[in-house]
Amino acid sequence: MAFVTTTDLIPLIPELILLGAAFVVLLLDLFAPGSQRTTLAVTTIVGFVIALVAEIQLLDSGATGFYGTIVADGFSILFESLYLVIGILTVLLSLHYLDDHGIGFGEYYVLLITAVVGMMFMTSSLELLVIFIGLEIMSISSYILVGIRRRVPESNEAALKYLLLGAFSTGFLLYGISLLYGATGSIRIPEIVVALQEPGALNNPLAIIGVALIIIAMGFKVAVVPFHMWTPDVYSGAPTPVTAFLSAAAKAAGFAMFVRVLLTGIPLEAELWKDLFWAIAVLTMTVGNVMALMQNSVKRMLAYSSVAHAGYIMVAVVVGTPAALSSVIFYSCAYAVMGTGAFGILTVRHFGKTPDSYDDLAGYARYKPCLAFLMSVFMLSLIGLPLTGGFIGKLQIFQAALEEGWVWLTVIGLLNSALSVYYYLRVVVCLYMREGSVPDGAVLEVAESPGFALTGLVGAASVVVYLGVFPQTLLELAASSVSTLF
Amino acid sequence: MIPISHVLVLSALLFSIGVLGVMLRRNVIVVFMSIELMLNAVNLSFVGFARTMDDMTGVIFIFFIIVVAAAEAVVGLSIILSIYRTRKTLNIDEFNLLKW
Amino acid sequence: MIVFFYLFALISLILALGVLVFKNPIHSALSLVGTFFCLAAIYVMLNAEFVAVIQVLVYAGAIMVLFLFVLMLLSTKDNDQYALKLNVSRGLAVAITGVLMIQVLTAFMDPTLRFGEPGAYPVERIQEIGSIALIGQLLFTEFVLPFEVISILLLVAVIGAVIIAKRRVP
């Protein structure tokens, strides 16, 4: 009987570092309560950075451990690094927000770290059991983060809705896993693949129903239509930094799992699945954009637009070639950064309150020119204009779709992008063209944005532009990480 | 020997009763209990498959499902407690500050 | 033996329906406890004795007591009024679930259903090693990673319960 040795822990080093950081933060909070909030945030960031360094060291190591359950391949390292970067950004955006809203829990940072750890297990594991546990660690941490403003009814309500629908979809996921286990006799993805390659195995009703249930559950997690209902509510009720984190990291983790389990794990060549994904992609893009068009709250608009962006990624999922899969990775990264940035602007107070509606955005150009400029960068990237990461991402997706002859899908996608120009530009117009009446008694703090947040936002904007101008590095990384999957 | 297909049918029926409970009931705690019922149906199908295939993986999986169910119940019930403090109701339809 | 399976299956279905239709949530909870006990009996018949014990101890004993505790804590006069009501959208939900269920059930009743390859642990082998000993061995070898990782989940749940349900910040 083979026991686990220390070499098994090598692919887990980043996770272990993060857990260590979580315990340090937990203890610091205990022994230095109250005044030391900045210390906690800095400790968290240091933890994320060290883990990121460890992650980069693991690149090309090809380390595996725990009977092949955990792998450190290019795919998992790329996504894990993304979660860590988003984690750093979220901490930078959180500090002033937590102070403004009186969220005095040091546990906030601990939960942020554990959520990232959950995502990392979800992405780097080849065993459905560990993937499921990682997913649950991420989900339960996020339920608590969403509901952490426990005296605010909206926050409670968002947490409750998130929890109920999350637990509901977990039920579907587990039932799907159990049927797939029944059909193949294993819960390890490589063994499932082998078992499903036997002749006739794909016509096994157990396998078909199992895969369908897993698709439903994954649909909930990445919020594609018709399983998107929770997104706008949860995103608008949650504290804004948490919204940014969920829309970026949690969604990327969902797509990473989608790719790992459904696209490379289970062979889905059958026409039925293609048609299903096609319908989901078209519905998701259209519903997301049309609903975003009708919102008056910028936060809700961004929530619906995140649904629409999941739709663009679904286009690449439909196509399913290696080129398309690498565009899934590129777009997930690009969207994660620009989405975090856009939500991040909304965390900074303006005229004494946290901006929510379009009207609240008036007067930015005059009193917060820097933020107005950054927000415009994010909006242009979300539209997908050249010189931004969003442009390259969309280009990759639609190029891959056209190469495989999905003309209609591309046309619908482009029409949807055109539709989205309206509401994104509306934000820019509000920022620059409208003066905005200063509410009575509001303190005008010209250019006094919190330093941490500004650092994070500038960083995010630079990444967005960098990805737009020099996309080559990430494109190559994405392509090589896809090749490690097969 | 109990026929596996009958175990699967029982588990599917329990699962769908759970799904119906989530969709039809309005008391949030009963909705939550229905989700627990769904998870139990999954456990039953895991045991059934494990027995049929002479494999232990399914049995091991159940322990983790039970732990996750317990953790979810703890967090869920504390969220329900805190929402009850501000709203004084357990009816899902009245949680409408955010439109569904 | 097989008669008992159908007996417990029938009782568990009836009690599960009770969860769905009882007006009083406490009756629903008790009905669910009954379902859990019936399932535990079925697990024993399927040679999963340890799961049966855990089912009774953790599900019926701990989780459902927590539910009942919260129900009692929050019991208000209007607890009983959220009965099962049907309208168009809910009727549609029931219909869709029903149709899908019939599909699934016919698939399961198909006698040519294929399962995975037989594993290494037939009943005789399990009885030779001992059910609990075998589970222990597997948890500390093949499944040691999930076994360790799930402790993070428990930590998160504890932290969450404390910060969300705690009455006041000192």
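**View 1. The two domains of chain C.** The centres of domain 1 of chain C and domain 2 of chain C, taken over C-alpha atoms, are 21 Å apart. Domain 1 covers 1-75 and domain 2 covers 121-170, with bounds that come from an automatic or database domain assignment. This is a predicted model, in which local features need pLDDT of at least 70 and side-chain atom pairs count only at pLDDT 80 or more, while totals for chains, interfaces and linings use all residues. Residues are numbered from 1 along each chain as its sequence is written, and chains are lettered from A and ligands numbered from 1 in the order in which they are written.

**View 2. Chain C against chain B.** Here 65 residues from chain C meet 57 residues from chain B, where contact means that C-beta atoms, placed from the backbone, lie within 7 Å. On the side of chain C that touches chain B, two or more residues come from each of helix 1 (2-21), helix 2 (25-45), helix 3 (49-73), helix 4 (88-109), helix 6 (131-140) and helix 7 (144-165) of chain C. Helices (H or I, at least four residues) and strands (E, at least two) are DSSP runs, numbered from the N terminus. That side of chain C divides into 56 nonpolar residues, eight polar and one charged. In this count Ala, Val, Leu, Ile, Met, Phe, Trp, Tyr, Cys and Pro are nonpolar, Asp, Glu, Lys and Arg are charged, and the others, Gly among them, are polar.

**View 3. Chain A against chain B.** This contact takes 31 residues from chain A and 34 residues from chain B. Helix 5 (128-146), helix 6 (153-184) and helix 9 (230-237) of chain A are the elements that give two or more residues to the chain A side. Helix 6 of chain A gives the most, with 17 residues. By class, the chain A side has 18 nonpolar, eight polar and five charged residues.

**View 4. The largest nonpolar core.** Let's step inside: this core has 291 residues, and those with the most contacts inside it are Val116(A), Ala249(A) and Leu153(C). Such a core is a set of buried Ala, Val, Leu, Ile, Met, Phe, Trp, Tyr and Cys residues joined through C-beta atoms within 7 Å. A residue is buried if 20 or more other C-beta atoms lie within 10 Å of its own, exposed if 12 or fewer, and partly exposed in between. Helix 3 (residues 57-87) of chain B supplies the largest share of the core, 19 residues. Both domain 1 and domain 2 of chain C give residues to the core, so it lies between them. Beyond its neighbours within four places in sequence, Leu153(C) is in contact with Ile133(A), Glu136(A), Ile137(A) and Ile140(A), as well as Val67(B), Val68(B) and Ala71(B).

View 5. Eight of the eight residues of helix 9 of chain A are buried, among them Trp230(A), Pro232(A) and Tyr235(A). The buried residues pack against helix 5, helix 6, helix 10 (240-263) and helix 12 (298-319) of chain A. In the loop between helix 8 (205-222) and helix 9 of chain A sits Pro226(A), and the peptide bond from Val225(A) to Pro226(A) is cis, with omega near 5°. Ala223(A) lies in the loop between helix 8 and helix 9 too; Ala223(A) has a positive phi of about 60° although it is not a glycine. Ala223(A) is buried, with 27 other C-beta atoms within 10 Å. For context, most residues other than glycine have a negative phi, and most peptide bonds are trans.

**View 6. Helix 15 and helix 18 of chain A.** The axes of helix 15 (residues 369-383) and helix 18 (residues 451-469) of chain A come within 10 Å and cross at roughly 35°. Axes are lines fitted to C-alpha atoms, for helices over the stretch in contact, and angles run from 0 to 180 degrees between N-to-C directions. Helix 15 contributes Leu374(A), Val377(A), Phe378(A) and Ser381(A), and helix 18 contributes Leu457(A), Val458(A), Ala461(A), Val464(A) and Val465(A). These contact residues divide into eight nonpolar, one polar and no charged.

**View 7. Ser417(A) and its surroundings.** Ser417(A) is in helix 17 (residues 407-433) of chain A and counts as partly exposed, with 19 C-beta neighbours inside 10 Å. Not counting residues up to four places away in sequence, Ser417(A) touches Gly384(A) and Lys394(A). His309(A) is 108 residues from Ser417(A) in sequence and 9.5 Å away in space, C-alpha to C-alpha.

Conventions: Contact = placed C-beta atoms within 7 Å.
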